Amino acid sequence: MPRWGMVIDLAKCSGCQACVVACAAENNVPCAEPDEAGRGRALTWIKVVPFVEGEFPHVKVRLLPLPCLHCDTPPCIKVCPVDATNITPEGIVRQIFSRCIGCRYCTNACPYTVRVFNWRKPEWPGEMDTAHNPDVSLRPKGVVEKCTFCHHRLQKAKEEARAQNRPLAEGDYVPACVETCPTQAMYFGDLDDPMSKVSELSRSPRVFRLLEELGTHPKVLYLAEGEWSGKT
Amino acid sequence: MKVRNGGIGVSRRNFLRFAAGASAGTAASGLTVKGMSSLAQALAEEKRPPGGPERWVATTCQACPGGCGLVVRCVGKRAVKILGNPLHPVNRGGVCPKGQAALQLLYHPDRLLEPLRQSRLAPILSGRGSRRWEALSWEEALKLMSEKLQAIRQAGRSHGVAVLSGARPGAMPDLWQRFLAAYGSPNYLSLPGTTDGSSAAAYFMQGVHEPLAYDLKNASYVLSFGANLLEGWGSPVHLMRAFGAWRAAEGQRSKLVQVSPRLSVTAAKADEWVPIRVGTEAALALGIAYVLISEGRVDANFLAQHTFGFDDWTDTSGQRHAGFRTLVLRDYRLNEVAELTGVPVETILRLGREFAANPPALALGDKPGSVQPGTLYGSMAVESLNALMGNFEQPGGVLLQPEGPRTAGWLGVRHHSAGEQAGRPPALDGSRSPLAGDAADVLAEAALEGKPYPIEALILHDANPVYLAPDRDRFIAALAKIPFIVDFATLPDDTTDFADLLLPAPTFLETWDLSGTPPVVPRALRGLSQPVVPARHGSRHPGDVILALAKRLGGPLAGALPFDRFEQVVKRSAQDIFSAQRGYLFGTQLEEVWDKLLEKSGWWAPDYSTADELWQQMKEKGGWWDPAYHYGEWGRVFRTPSGKFEFFSQLLWRDILAEARSNAAKPDLVAAERRCLPHFEPLFGASATDAGRPDAGNEAQFPFVLFPYEILPLGETRGADLPFLQQILGQHLFERWESWIEIHPEAARRLGIEDGSWVWVESSHRKARMRARWFLGLRPEVVAIPLGLGHRTGSRWSQGRGTNPCELLVPGSRNPAEPPPGGGARWFSTRVRISRA
Amino acid sequence: MERHDNPLGPEEVLIRPIQQTTSQFYRVLAVLLFLGALSIFAWIQQLKDGLVVTGMNVPVYWGVYITNFVFFIGISHAGTLISAILRLVQAEWRRSITRAAEVITVLVLFFGAGSVIMDLGRPDRLLNVLRHPNFRSPLLWDVCSITVYLTASTIYLYLPLIPDIAILRDHAGKRTWLYRPLALGWRGTEKQKRLLERAIAVMAVLVIPIAVSVHTVVSWVFAMTVQPMWHSTIFGPYFVVGAIFSGIASLIIAMAIIRRMYHLENYLKPVHFNNLGLLLLVMSLLWFYFTFAEFLTTFYGAEPAHLAVFYSKVTGRFAPIFWTMVVTCFLIPVAILARGKTRTVAGTVVASAFVNVGMWLERFAIVVPTLSMPRLPWGKIIYHPTWVELAITAGFFATFILLYMGFTKLFPIVSIWEVQEGRQKSLREVEERVKTYLPGAEPATE
């Protein structure tokens with residue numbers, strides 16, 4: 001049974017936010033109206049979070065892509081009163097949109113604040129809904145949503161592998177963000193497969209987990225930026 | 001008891017085990033089936049968009065000049081997702097946010113639906129720019145256009161027709177130029193302008209017209225002078241892949257040093273940020289040259305063999321000229337450079353030593369992005385650093401884009417310089433001379449002054465010059481003087497207001513095209529674009545329109561363009577690649593290695609055997625390229641009078657001599673030295689000719705330097721129309737959808753300005769009300785505004801939103817001491833004051 | 001219909017509101033109906049457009065509605081808890097106030113639950129709570145405990161109401177169709193009385209742990225997350241204390257109003273207000289103790305995420321709310337209630353009004369600041385409740401008062417039979433009881 005995880009190499013990440021746009025395009029995420037975005041209601045399943053430190057001229061701005069971390073012990077699934085969010089045996093924290101009653105308890109329980117809520121009916125003006133991905137359902141208003149590790153792609157990959165009578169290979173199932181990353185800073189795969197890239201990277205000395213002390217056991221791992229050590 | 005079944009024995013124990021297991025399994029699955037069925041029911045209640053047969057179309061992105069390969073997933077008739085083409089050598093499957101957002105352009109609700117013309121009432125009411133449109137059919141539009149063009153031609157003034165185009169090098173520019181040549185006009189002007197500091201430096205120091213290229217991923221040390229490598233410089237995804245290679249976990253990491261007044265995303269991700277005073281990049285570069293030269297860390301071999309003007313030299317008339325070494329050692333001592341640039345001496349020393357100690361080291365700049373052009377002397381100073389280290393024509397070094405197959409051979413387009421075409425009116429931009437000046441400027445000058453001749457008609461394609469014009473009012477006044485303006489556009493923008501005829505153009509996802517090699521990519525490459533969906537609404541590709549016009553205008557024009565559809569032009573150009581008899585289709589990286597090996601050994605074994613096959617395969621794989629780069633073709637790379645890299649540009653010296661001759665005076669040697677060698681040209685009032693600098697000495701009144709900068713999502717200012725891109729503008733400050741001005745917290749506190757409060761930003765030209773954001777990543781005397789918002793006219797998401805920093809820029813008259821490529825300096829020579837609103 | 005000559009004696013005044021309605025009543029009714037209608041209009045907007053009409057945003061996902069939820073559930077502790085505890089310790093002064101308290105509880109629970117329903121993104125899917133319950137969720141525990149509490153409180157209200165309904169059946173002169181079936185054939189026989197006493201006693205014992213569990217579970221909605229200044233072990237008892245606190249304050253206000261409106265000065269005497277005032281004082285001190293302990297611990301622990309929330313309350317954006325809360329929940333009530341001279345009817349009512357305002361602010365100061373200070377960096381976060389939220393809140397208060405007023409029009413708000421029982425029997429019983437406390441007393445000979 002694979003345990004799906006992601007590794008994001010912050011040394012290679014360019015902060016371009018292609019992952020943000022790719023995710024929104026793949027998952028039919030509506031764009032909040034500009035005023036709503038200004039009032040803090042932008043919907044993004046993955047976002048780039050800045051950490052600004054230091055004093056001029058030694059200023060450091062770190063940019064951290066933050067999807068749902070698909071924790072192994074997620075604080076969010078415990079609190080849903082209607083079991084609209086739970087964790088699959090393969091480790092994906094799934095969201096059942098048709099069951100969610102929109103109480104937003106899970107959004108408040110997540111310490112990383114990665115969950116978002118449809119405050120209004122999602123709208124795509126004109127013919128913009130033509131570009132909708134048929135593999136991802138459209139959410140109504142009043143429902144919580146979040147990054148699903150592009151779970152629909154896993155289903156499709158499994159079906160294809162089954163049709164071709166072979167097991168799922170590394171690289172068959174890749175979320176949209178990982179697929180588009182121009183610097184190839186994101187890796188995805190089975191953390192429990194010792195031969196996979198993510199498994200290898202998870203043992204790197206540069207690995208850290210966000211808010212590790214909370215015991216959420218996130219399956220999105222980060223590789224710290226590191227530094228140059230050439231000749232001066 | 002054994003039950004035999006065709007030879008396979010099944011013992012009772014095994015049978016019972018199996019049966020027990022099967023029943024248990026069935027029962028368990030029954031349980032899960034029950035659980036699953038409620039989940040299945042829940043999932044079935046969810047709404048899905050319509051499905052359909054799936055199709056994957058390879059094409060080339062044209063959201064920016066980067067030229068990445070895309071594969072678009074289509075479901076039924078709908079394009080639903082953009083992915084990268086893993087076979088395309090430029091991006092190998094990666095896509096930047098602009099590419100990912102392109103479907104929002106394809107299905108944009110505000111697309112122009114049909115040809116429009118300014119209502120006949122409009123001149124009565126308020127003239128052009130009043131936005132009262134009348135729809136007309138394509139038939140009528142073509143008739144109108146051909147009548148106007150015919151009339152101009154018959155009056156013998158066809159040279160007064162100019163095309164201003166934002167199209168990438170490829171089939172469209174070639175077609176435009178062919179059309180214009182046959183029509184009788186030399187005026188194909190491209191935006192962003194010809195006055196790119198980098199290409200100007202390449203021309204004057206290397207004598208080449210082709211763009212420079214770089215073997216980025218193999219560089220061990222990259223010193224970037226303001227070049228926003230991760231935010232749209234050159235070919236964005238290509239750069240990002242190189243950055244990924246610099247930071248690859250295995251092996252030694254390459255160092256990226258970003259020299260800029262502001263902590264951009266590139267600077268934030270770089271290994272080191274050097275905060276430098278605005279406009280002093282050239283001084284720093286020459287300070288580093290000082291370190292390299294004075295400490296003897298230069299590549300003496302390369303300097304001796306392949307450069308000219310490093311040492312002092314005597315010309316044919318016996319005149320002695322100072323060389324680069326003399327200039328640097330005399331004028332760019334470190335404490336003076338530190339004083340000028342605000343970079344400490346220790347840092348300059350260290351940078352110089354690191355640059356020398358980590359070969360191959362690349363210096364890049366000073367062109368910041370894709371819109372702001374950089375300056376001639378800034379770029380020359382930066383290139384000099386590469387020359388000092390001899391980092392040309394080797395892995396990790398400066399290369400020259402190979403020309404590649406002549407796909408426009410049949411078009412017969414050649415560059416004509418003014419001299420060759422005796423008797424014919426000269427091109428407005430000096431046939432793309434590097435000294436010609438900004439295309440929009442040149443156009444405005446001709447329209448307003450009538451010099452060298454007035455403009456009879458202007459055709460715009462994929463261009464929004466009104467937005468970018470630093471002197472917006474002047475440009476608009478110039479447009480008013482042009483009797484007939486046609487604009488091919490997909491969405492309304494600041495310039496469409498001024499057209500007489502507005503023709504809906506399709507997006508790049510609906511058209512054919514064959515693009516050339518993207519900027520800074522060191523290979524000959526041809527990327528194919530093909531329609532992912534048919535052209536939407538009433539849009540028609542300008543290529544098709546030109547061909548239709550040619551037929552209507554008849555005569556030599558029809559003969560020069562014997563095609564019905566632009567697709568045929570593209571196909572023909574693609575098939576011409578076949579006659580080059582080299583190169584390969586896009587393939588995997590493994591194939592790339594194999595193909596390069598073959599080529600180096602002098603073999604050629606492509607996947608196609610006829611031109612037709614090539615065409616079919618290109619449609620599947622996305623394009624063609626020549627994977628090998630032949631290092632060391634010095635004759636190709638240096639085509640100056642000396643045949644070497646010229647620190648002292650003899651081409652510039654020729655201009656000085658010609659000027660002196662026409663003024664019947666002796667050439668000013670001191671000035672000559674300045675103009676022919678890389679040097680620091682100050683922005684504000686420190687030079688002898690202050691006349692061209694309106695803000696000179698105004699520090700008391702306007703204490704801040706305004707720094708407009710490009711960001712990746714807004715790219716060449718088109719991103720503002722797309723919500724996906726508006727949502728990701730300023731990730732370091734959580735800014736989206738609106739403009740903001742960054743100010744250093746110290747400076748803000750002194751003025752009593754809180755983070756997020758409204759302020760007046762005032763230059764001596766105009767003022768604007770904006771929200772101020774505290775940002776530590778700025779030199780305290782600098783305030784910064786992102787470029788790309790503040791469209792007066794646009795789609796629903798871009799119109800009236802934000803502030804356009806171009807409108808704050810003080811339109812300076814040109815400093816005669818500095819050739820027009822110094823137009824780049826104009827972006828940064830405005831001072832402003834900030835006050836609470 | 002039989003009519004005895006003043007059979008109720010002085011208790012006649014207790015059924016007068018049921019028999020007559022003043023014009024003042026109608027005027028107040030009109031205002032409350034208007035506010036109720038306004039809130040319905042606001043809710044329709046919200047159903048139509050979604051929760052975008054509120055001021056909630058990311059990450060402040062909960063705001064006024066959840067504050068109301070906690071507040072209303074808190075007030076519910078007044079009634080049943082006070083009435084049950086006072087019955088169990090046999091405090092005689094409870095007789096006139098138990099009914100008023102119990103009605104508060106039963107009615108306000110609907111508004112507590114209603115507040116959550118207001119807050120849901122998909123109220124039409126409410127039944128999913130029954131179809132797919134997740135028993136690990138504190139919200140589901142809430143659903144269960146509030147349901148049980150509502151049931152128990154309704155029973156606990158109804159049981160002592162039976163004899164009074166019987167009185168009304170016999171003496172009210174109207175609505176016999178309502179009172180006869182509800183009276184369940186009460187005749188006041190010894191057997192019935194004993195049965196009733198036993199049932200009430202059992203309920204009184206049962207209701208106390210249920211009530212304690214309710215607000216504990218409500219607090220656990222917050223405490224069971226890992227969020228700073230929510231994840232605190234003190235929340236269970238803290239919320240219960242706060243609930244009793246705000247409950248008593250609401251009860252005092254309710255009592256003062258009905259005393260004025262229905263001329264119940266004889267039944268709701270200064271001593272009642274004095275005693276409740278003392279209880280209020282104790283709760284205020286207790287509340288302050290818990291709050292102080294909570295904040296001191298957070299401050300000393302100095303964990304950055306917690307301190308961010310701490311400072312936002314103490315010196316930052318929420319400081320005005322926080323300090324108003326301290327003044328209105330502690331300083332003013334203690335000042336008024338600690339001195340006998342000011343612990344009058346008016347004094348306790350003033351103190352209670354402040355307490356209610358303060359406790360609402362306290363709920364707000366628990367819900368919103370933690371959400372406004374997420375652990376990871378965020379942009380500007382501002383929560384401004386909109387007119388929809390305020391209209392619905394106002395409507396809820398108005399409708400609650402309206403329903404309460406409605407109850408007083410149908411049933412006596414002071415328990416007639418218990419007052420009569422007190423008048424007839426208590427003096428003797430109490431004397432007997434006190435004798436057993438004193439040394440050398442003879443056993444009761446009754």
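Q: In what order do the strands of the closed barrel in chain B run?
A: In this predicted model, chain B holds a closed barrel of six strands with mixed pairing. The twist from one strand to the next averages 45°. Written out, the order of the barrel is S27-S31-S28-S30-S29-S32.

Q: Which residue in S32(B) does Phe704(B) stand opposite?
A: Strand S27 of chain B covers residues 704-710 and runs antiparallel to strand S32 of chain B, residues 831-836, to which two bridges join it. Across from Phe704(B), the residue in S32(B) is Val832(B).

Q: Why is strand S23 of chain B largely enclosed by the rest of the structure?
A: Residues count as buried under 20% relative accessible area. Ala524(B), Arg526(B) and Leu528(B) point one way from S23(B), whereas Leu525(B), Gly527(B) and Ser529(B) point the other way, and all are buried. Strand S23, residues 524-529, is therefore largely enclosed because the number of its residues that are buried is six of the six.

Q: Which residue is the bridge partner of Ser515(B) in S23(B)?
A: Strand S22 of chain B, residues 513-515, pairs with S23(B) in the antiparallel sense, and three bridges link the two. Within S23(B), the bridge partner of Ser515(B) is Gly527(B).

Q: Which residue in S25(B) is the bridge partner of Leu525(B)?
A: S23(B) also pairs with strand S25 of chain B, residues 623-626, in the antiparallel sense over four bridges. Leu525(B), one of the buried residues of S23(B), has as its bridge partner in S25(B) the residue Trp625(B).

Key:
Residues are numbered from 1 along each chain as its sequence is written. Chains are lettered from A and ligands numbered from 1 in the order in which they are written. This is a predicted model: local features need pLDDT of at least 70, side-chain atom pairs count only at pLDDT 80 or more; totals for chains, interfaces and linings use all residues. Side-chain values use heavy atoms; hydrogens and water are left out. Two strands pair if DSSP finds at least two bridges between them. Axes are lines fitted to C-alpha atoms, for helices over the stretch in contact, and angles run from 0 to 180 degrees between N-to-C directions. Buried means under 20% relative accessible area, exposed over 50%, partly exposed in between (1.4 Å probe, protein chains only).
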